[in-house]
Amino acid sequence: MLLQALHTSPAPASAAALPGSPDPNDEGPSGMPVYCMAFEWSMDLFEVSRYFPAAEKHALTESLRNTSRRICIHLSQAWRARHTPLRFAQCLAEADAAIAETRVWIDFAFRCQYITEEGCRQLQQQSRVLSRMLHALSP
């Protein structure tokens, strides 16, 4: 019952007036095109990794999924820190590092012949676009 009340009760009027309180109309990180692209790329990688051999579950599959998801986590943190330039830049740098790590896992998947050359090329191209988008956001 309490959970239902939390989801259906409107926020008190005074909460919106408090400095630093969340804006109920705020889209969050999903308002950032780079976040949306990173999320879709991570989901693409998830779909690709579903076909990796079971023996690679811990070594490659989970690593690829985790690093690609970490990009979205860092972008979400950047969104929350967007009014603090130094922290914002740090979160973007962490997201870019996660992109670089994900690219390494993609290379391993290709060399192990779990993805095609064309698939590898497309995934790597998407990672370069993401990196350029991040660099364009850096203060």
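Ile115 touches Val48, Phe52, Ile106, Ala109, Phe110, Cys120 and Leu123, leaving out residues up to four places away in sequence; contact here means heavy atoms within 4.5 Å. The model is a predicted one, in which local features need pLDDT of at least 70 and side-chain atom pairs count only at pLDDT 80 or more, while totals for chains, interfaces and linings use all residues. Residues are numbered from 1 along each chain as its sequence is written, and side-chain values use heavy atoms, with hydrogens and water left out.

Ile115 sits in the loop between H5 and H6. Helices (H or I, at least four residues) and strands (E, at least two) are DSSP runs, numbered from the N terminus. Ile115 is buried, with a relative accessible area of 11%. The cut-offs are under 20% relative accessible area for buried, over 50% for exposed and in between for partly exposed, with a 1.4 Å probe and protein chains only. Between the C-alpha atoms of Ile115 and Tyr51 there are 9.1 Å, although these residues are 64 residues apart along the chain.

The phi of Gln113 is near 65°, which is a positive value in a residue other than glycine.

Now the chain as a whole. There are 6 helices and 0 strands, and the pattern along the sequence reads α-α-α-α-α-α. The chain has 139 residues, of which 30% count as buried. Of the contacts between residues at least 6 apart in sequence, 66% join residues at least 24 apart.

Helix H5 (residues 85–111) and helix H6 (residues 117–137) have axes 10 Å apart and an angle of about 170° between them. Axes are lines fitted to C-alpha atoms, for helices over the stretch in contact, and angles run from 0 to 180 degrees between N-to-C directions. H5 is therefore roughly antiparallel to H6; angles under 35 degrees count as roughly parallel, over 145 as roughly antiparallel, 65 to 115 as roughly perpendicular and the rest as oblique. On the H5 side the contact includes Phe88, Leu92, Ile99, Ile106 and Phe110, and on the H6 side it includes Cys120, Leu123, Leu130 and Leu134. By class, the residues of the contact of H5 with H6 are 11 nonpolar, 4 polar and 5 charged. Here Ala, Val, Leu, Ile, Met, Phe, Trp, Tyr, Cys and Pro count as nonpolar, Asp, Glu, Lys and Arg as charged, and the others, Gly among them, as polar.

Helix H3 (residues 33–49) and H4 cross at roughly 170°, and their axes come within 9 Å. H3 is thus roughly antiparallel to H4. Residues of H3 in this contact include Ala38, Trp41, Ser42, Leu45 and Ser49, which belong to the side that meets H4 residues including Thr61, Leu64, Ser68, Arg69 and Cys72. The contact of H3 with H4 has 11 nonpolar, 4 polar and 2 charged residues.

Ser42, in helix H3, is buried at a relative accessible area of 5%. Apart from neighbours within four places in sequence, Ser42 is in contact with Ser68 and Arg69. Thr61, in helix H4 (residues 57–80), is buried with a relative accessible area of 6%. With neighbours within four places in sequence set aside, Thr61 is in contact with Ser49, Phe52 and Glu56.

H4 itself has 24 residues and reaches 33 Å from its first C-alpha to its last, close to the 34 Å expected at 1.5 Å a residue. That expected span is 1.5 Å times one less than the number of residues. H4 bends by about 25° at Ser63, where the bend is the angle between axes fitted to the seven residues ending there and the seven starting there. Buried residues of H4 include Leu60, Thr61, Leu64, Ser68, Ile71, Cys72 and Leu75. Among what covers the buried residues of H4 are H3, H5 and H6.
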